[in-house]
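Please look over the model shown here.

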Amino acid sequence: MSRVVKKSPSVCTDLPLDNTDICNKLSLLKQLLISCFGPAGRLKQIHNNIGGRVISTSTSSVLLSALSSSQPFINLIRTSVLNHVSRFNDCGLFTAILCLTLLEQAKQSGLRRNVSIIVNKHLLGLCTSYLQGQNCGCKVKLDFCSSQYFITLAFSVISSKPACVLTEPEALHISKLAVQAFLLTVPCNNTGVARLGKTLTVCVEGHPVLDSAVFPGLLVDMPDIFFLNAENLHGRSLCTVLFSASLAGDLCELGDGNIELHGDADTDSQILDQLLELGKQVVQDGVNLFVCQKVIHPVLQQYLRGQSVTVIERLGISLMESLSQLAGRFLHLFLIPPKAYGKVKELTIKQFGSKTMLHIHPSGESAICTMILCHRNDTMLSELKVVCQKTEHVLRLTLREPCALMGGGCTETHLAAYIRNKSASLLGCSQTEYLLGAEGFCRSLESVAAALDHKCGNSLTDLTHAHYWTLPADVVEDHMENSLGVCGCGLVESCPSKKWTYLNTKYPEFSPAPVSKGTHLQVRVLDSFTSKLSGLQVAVETANLALDVQYIIQDTN
Amino acid sequence: VMLGSTIINHRQHVGLQKLSALAEITRSSLGPNKNYKFIQDDTTGESTLVCSCFRILESLELTCSVGQVVYETIETHHRVYNTGSGCLLFLAGAWSHAALECLHRGISVRHIISAMSEGMEICLNVCRQCSISIKRREVSELCPFNVSTVKDSHAHQQLTPRASERPFNLGPQKKLKLSRHFRESESPSISTIHASQLCSYEPFFPDIAHIAETLSHGCTDAMNLVVKASQMQSECNQQDIAFDVTKVVTCVLPGLVEEQATVLPGCVVLVPAEQASVAHHLKEQHLKVALIHGDLAATYRHLGYNRPKGIQSVSDRLDLSRLSKEDTWMEKVVTLLLNLEVNVILVSGVASEKVIECCWRRNILVVEKVKASILKAFAVSTGAIPVTYATQLSKHCVGTGLKVSIWRDLSNNDRKRGTAVNITTDGLNCGLVTVILTSSVHAKLQTLEDQFWACAYRLHWALKDKALLPGAGVTEMVCIQHLQNEAEHDIRNPTESNGVSSQQNKPRTPANPYRDVVLTLMADGLKDYICTVMVNTGVFSKVGARAAVIQHLQDYHGTVGDVAAKFSQLFLHTDTCYNATPTSVESSETPAIKTYDNLCVKQEVWRKALDLVFLVLQTDAEVITGVDRKTNGAQEDLMFL
């Protein structure tokens, strides 16, 4: 008997940004994300309500995927940021915080929504063209002849995630490995279409971070090294065959229908005969390494080993793809004896803690490498893995645009000073409205920089380069230049002639000067240019979209 | 999906409080005298007797997020190191207490972390400096003629900076004292001989025994078994120092008194009475063996084989006389086994009843559920090749030289468990050694096994490190002194940029104004650790231990070298447990340090403990996914997104 349930009417929310509940949630989300921001950020323990695994993190990709809300308006912003993160893997928190602050500032300014949108759009264009322009004062050109900038870039990403719990030498070690892995995945031969390689990550829990390493080629976990005998692994080039089809000897792809077999028919042994036939062919062709993505029938394995062929089974799809790239051959999908074989330089056995791995060395240049990540516990290791993938992505983005932005909040304050110095008259808003809107935009940028500071110190900017500085809370103003040290990115040093102003106070407009080339200081924090630029765009566009939302209609059934 | 989040109050960090409270459970399981704990499950009425920190945590079902992070860390550590879990949790608690105290005093998280990291560097440095190379110990302590010189050379050498990095570069005068070989010939050429060469003059077994004894930490019986195992391995490998912990297996036999614990070469399996008769028949013979990696049954298929669905068998005639598939298979297998003259089959999975019975009638011993590591060891030592299906067996898959003997008939105690059969290979054994652990109290077996593995791994790590740390709280004592010295240095020179570990090349990093406070509190955590161990020995009261430690630190203020040597005296004179079995080398009036710790384990434990504190300290909120507002709406500390 069916029951008719009365449909409940849809819920319509008018002007979501004026709704107190939504505003409270937005500010809670902002508070939550700001507290995670930067190297001194706080961690969040994420778990479900039935006692699932606990993740300690401050990474936007992990955090935002967990922070789903009952409120579609919040999810709109969340999804937009997550989309940016999935494309660029970096600057997620920057994007989210900037977007939320822009909304808050727009509300505080009291401007009409469409005016805010016009001003934001204009300023975004201003920022984008400044950042992409030749005389941008907060950009560093990356030099591929030296690895220094790349290590700094990697170090900035890695050290910005405190849940990895790394000491400085450890963070530096991982940064160097990340750069090394990145360089190994860039192919050198320039014939045809260049294709970036791949870094595979293997995590080893319970061992010191400094044991982490990068190897060219593939490292395959060998849980039972039962049959692996070292004599087979001589240092010679190995003719390799790769199968992606299962060689288990079963009839698994039958579909739904029934099959009638004669009682005497032994399908298993017939299939096995076929497999052995394949094995014979392969041995005849001089194959030394036989790899299958799935299971290989034990009898076939025994036969191949008897012919001193090294056998690897159950490799999995991702490793298989990399291996086919490494060996220079495509996969064989069928049980037909293949005619084309790949090449592998040699096989060695490597031991990492309790893990025994088979190291497959590429015969030529393959752009495939394996990164072994070690950490003392699983929580920190999983964060480290996420961060390393992020670093890899950030480093790859430098191939698209070989520059980086000054990190540590300096780009944000610099941009704010640049905008303040530019005046404009826009269609659709008065000069006062423009100034009000621009002030909100600049304050949003500055408050993202200030979000880096979690110890209730004071945030400052200098009046020459407009870089970002922090002043510890307990310092008297007389000793300011002594206790300031260097700016956020480490490129500007404090000196008595310098003038500072607190952020969020009025200061005279000036054109922020680029840092002179002659400085003896090394930049210490760099941000990815491409992902920060995209983050800026996503943040402003998402904020504009959110400002544009008039109604939310929610189907509650 | 809903989300709740709790913001942890800044000054009363709930997470740290939880961590600190959780660490209390390990208080009584520190040190050599451990107390057992009963853990009872109210819902099932089951209870377990536990002794180590790891087992306690394993038995408790921790639901809070901090608890889970703690358990995860301890579990990982235990899996790799097998020892030191209690120390890890205790120090995590002690240092989280220190971090709480810092927060109370208004010190920022960043300052706490930077100062504690520096403190950790200081402690790890102390470990490196205090570590004693095993090679040198062998030379010095082996020599029975110069008991008195051994003692004082130790007290000084262990604290020389970077002593471990130059273990063989001793001054000439010291060398003269170290070994009788130097006395006999005082030519300068001899003094340059590598110390390891000297070692070859001495028999090696007492060395391992000696090292092991200092690492027993109160578990003398367990350590004796470890030593026996290592001796057995050395004999068959013909190696000088051999202890391969991966080739040791334990076999737990309840019902026998603890004194019957022993070490046997090869492996020990329990077989039922019928199988035992086969074993009787086969003993004192050279046997042929087949190794099956999988189940021994007609229906068994290898891993990853998908049984076809929807297959119907049709037949054109009714043949009742035909043998079933299983019978055909059985006949094939038995014929094969008889042709190959196999006497013993070791199976990693299970064997079907029918097969066992069939083999029994033909005097073939079938042993089920053999560990993969044992299978592998026998593959190496007999030349057998493991196969998945019995039908795969061929001449070159069969190994030779296996021996079977009956270790003990347990059937009169308990009919089902039958007989303990010892399977070995004659001639060169593969180094596989079985340690039989026995107890008449069933509940104690787990603890005995844990203690054995803890001892085995302590020896394993010591040989791997090739170094030891002075134990019985001595290293901790030196750390306390170093930490306090650093803190005092700060108080005396407040304006100066922070001491040793701050890097010179950094452009004017603002000094950490709270470094002294944090370092002192960290030292207090270590003090608490030492005091707890002293109290647990049963000799000191809580107050007494504290007073003794403080007094000692004051007495030897500024003289880092002495604090260690003299402290160990203080400790050892009162602690009967450590003195339980004095060796010939150490006479009663020369209390050289007799308890040692592992270098790498201690360093890892400390680091991991601090990692836990940092993880929890830096966490300010908990994000709970999937919270239903209706059911949890009443909870005040939850905010919903």
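At 27% relative accessibility, B:Asp524 is partly exposed, a class that lies between buried (under 20% relative accessible area) and exposed (over 50%), with a 1.4 Å probe and protein chains only. Helices are DSSP runs (H or I) of at least four residues, and strands (E) of at least two, numbered from the N terminus.

Salt bridges that share partners also join A:Glu170, A:Arg376, B:Arg607 and B:Asp611 into one network. Over all chains, the count of salt bridges comes to 37. Three of them are listed here.

| Pair | Closest N to O |
|---|---|
| A:Glu392 and A:Arg396 | 3.6 Å |

In chain A, A:Glu392 is buried at 18%, while A:Arg396 is partly exposed at 23%. They are separated by about one helical turn because they stand 4 residues apart in helix H11 (residues 378–400) of chain A. In chain B, B:Arg128 is partly exposed at 36%, and B:Glu121 is partly exposed at 33%.

The model is predicted: local features need pLDDT of at least 70, side-chain atom pairs count only at pLDDT 80 or more, and totals for chains, interfaces and linings use all residues. Residues are numbered from 1 along each chain as its sequence is written, chains are lettered from A and ligands numbered from 1 in the order in which they are written, and side-chain values use heavy atoms, leaving out hydrogens and water.

Definitions and conventions
A salt bridge is a side-chain nitrogen of Lys or Arg within 4 Å of a carboxyl oxygen of Asp or Glu.
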